[in-house]
Amino acid sequence: MKQLKTLAIAIVLFIGTQVSAQTKVAHIDVQALMTAMPEMKTAQDQMKKIQDSYDKDYKNMVAEYQTKLQKYEQEAPTAGDALNETRSKEMQDMGARIQQFQQTAQKELSQKEMDLIKPIMEKAQKAIQKVAKEKGFNYVLDSTTGSGVLVADGTDLLADVKKALGF
């Protein structure tokens, strides 16, 4: 009985070693891949144009606010209390609109960036899966700095995936 138990443990260890020896692992720096993709350059250019547009609108709003504020401050001593109070309320409302514009613009920029990057990420993911399958890898780790992979000293699929994507 003791020999049977020892034999069973030996068989399990042997089979476990064989299974783990067949597992193939590779790595790829997904961020480097995404940065190298031509679609990413196009997406970044689109984001820059949108951001420049928002920046221009924001600067115009701030310039208008500062101009009115300066004008109202110069006229305040000669204007009546009712007019000064109305102008003060107008400036508060204008400041709130500028702040609201800034928050809305930030949300819209974030959403647009996600909308532009999602299809690029999906294309990269499909290419990684295709190359991994062709090369017989069971697992592909993301070796992007900060991704949690501490050592990536194995097969790097970056060149193969770039080739599969045509660049």
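Colleague: Where is the place of Val25?
Modeller: Val25 belongs to strand S1, residues 25-28; strands here are DSSP runs (E, at least two residues), numbered from the N terminus. This is a predicted model, in which local features need pLDDT of at least 70 and side-chain atom pairs count only at pLDDT 80 or more, while totals for chains, interfaces and linings use all residues. Residues are numbered from 1 along each chain as its sequence is written, and side-chain values use heavy atoms, leaving out hydrogens and water.

Colleague: What is the order of the strands in the sheet?
Modeller: The 3 strands form an open sheet in the order S2-S1-S3, with parallel pairing. S2 and S3 are the edge strands, each pairing on one side only. Two strands pair if DSSP finds at least two bridges between them.

Colleague: And how many bridges join S1 to S2?
Modeller: There are 4 bridges between S1 and S2. Within S2, Tyr139 is the bridge partner of Val25.

Colleague: Why does Val25 count as partly exposed?
Modeller: Val25 counts as partly exposed because its relative accessibility is 41%. Buried means under 20% relative accessible area, exposed over 50%, and partly exposed in between (1.4 Å probe, protein chains only).

Colleague: Changing topic, where does Thr144 lie?
Modeller: Thr144 lies in the loop between strand S2 (139-142) and strand S3 (155-156). Thr144 is buried, at 11% relative accessible area.

Colleague: Which residues is Thr144 in contact with?
Modeller: Neighbours within four places in sequence aside, Thr144 is in contact (heavy atoms within 4.5 Å) with Ile28, Asp29, Val30 and Gln31. The Thr144 side chain reaches the backbone nitrogen of Val30 at 3.2 Å and the backbone nitrogen of Gln31 at 3.2 Å.

Terms used: Polar contact = N/O pair within 3.5 Å; in protein donor to acceptor, adjacent residues only side chain to side chain.
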